Amino acid sequence: MKKYFAVPAVMTLALGLTACSSGSGNTGAKDGEKPAQVLNLSKENDVITMDSTLATDGMSFEVINMCIEGLETTNENADIVPALANPTMYRTTT
C-alpha cells in the first residue's frame, strides 16, 4: 500500500523542484549584455486580421489596440502629437 503513495510523492517532489529552478540557462544574450525583454500574451482566440478597416471581431480590435496604443496622443489643445512614435517621421523638409 505504501508503494502506491511513494511513486506519486516522488514524482510530485521532482516536478516541484523542476518548476522552482532558477532558469539560469542560455538567455541568448552575449556576456555583459542584458537579455531582451519579451512580453508574451495568451489570448483565447486567433486574430482574424490586423487591418483596422477589415476587423470585425473583438480579438482583432484588442490586438490592434495593443500594437498602436501610445504611438500618438493629444496635447492640451486637442492636437494630435507623437507619443512613442518617432518624431522625425512627422518633420517635413523644405
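Which pattern does the protein chain follow when read along the sequence? The pattern is α-α-β-β, made by two helices and two strands. Helices (H or I, at least four residues) and strands (E, at least two) are DSSP runs, numbered from the N terminus. The model is predicted, so local features need pLDDT of at least 70 and side-chain atom pairs count only at pLDDT 80 or more, while totals for chains, interfaces and linings use all residues. Residues are numbered from 1 along each chain as its sequence is written, and side-chain values use heavy atoms, with hydrogens and water left out.

Consider the chain as a whole. Of its 94 residues, 9% count as buried. Buried means under 20% relative accessible area, exposed over 50%, and partly exposed in between (1.4 Å probe, protein chains only). The protein chain exposes about 8800 Å², of which carbon and sulfur atoms supply 58%. Such areas come from the Shrake-Rupley method with a 1.4 Å probe; for residues, only the protein chains shown count as cover. Among contacts (heavy atoms within 4.5 Å) with a separation of 6 or more, 2% join residues 24 or more positions apart.

Helix H2 covers residues 58-68. Met-59, Ser-60, Val-63 and Ile-64 are buried in H2. Seen down the axis of H2, these buried residues fall within an arc of 130°, so they line one face of the helix. The arc is that of the directions from the helix axis to the C-beta atoms. An α-helix has 3.6 residues a turn, so residues three or four places apart point the same way. After H2 comes Gly-70, with a positive phi near 95°.

The loop between helix H1 (2-19) and H2 holds Thr-49. Thr-49 counts as buried because its relative accessibility is 18%. Leaving aside neighbours within four places in sequence, Thr-49 is in contact with Leu-54, Ala-55, Ser-60 and Ile-64. Ser-60 and Ile-64 are also among the buried residues of H2. The side chain of Thr-49 also reaches the backbone nitrogen of Asp-51 at 3.1 Å.

How many salt bridges does a search of the whole structure find? The search finds one. A salt bridge is a side-chain nitrogen of Lys or Arg within 4 Å of a carboxyl oxygen of Asp or Glu. Here the side chains of Lys-43 and Glu-62 meet, at 2.6 Å from N to O. The pair links distant parts of the chain, 19 residues apart: Lys-43 is in the loop between H1 and H2, and Glu-62 is in helix H2. Side chains of opposite charge can pair when their charged atoms come close. Lys-43 counts as partly exposed at 35% relative accessibility, and Glu-62 counts as partly exposed at 34%.

On the surface, Leu-39, Leu-41 and Met-66 form a nonpolar patch with about 340 Å² of accessible area together. Patches are made of residues with over 30% relative accessible area and no salt bridge: like charges are joined within 9 Å, nonpolar side chains (Val, Leu, Ile, Met, Phe, Trp, Tyr) within 5 Å. Met-66 lies in H2 and is partly exposed, because its relative accessibility is 39%.

The loop between strand E1 (72-74) and strand E2 (80-82) contains Ala-78. Phi of Ala-78 is positive, near 65°, in a residue other than glycine. Most residues other than glycine have a negative phi. Ala-78 is exposed, with a relative accessible area of 60%.

Terms used
A polar contact is a pair of N or O atoms within 3.5 Å; within protein, one must be able to donate a hydrogen and the other to accept it, and residues adjacent in sequence count only if both atoms are side-chain atoms.
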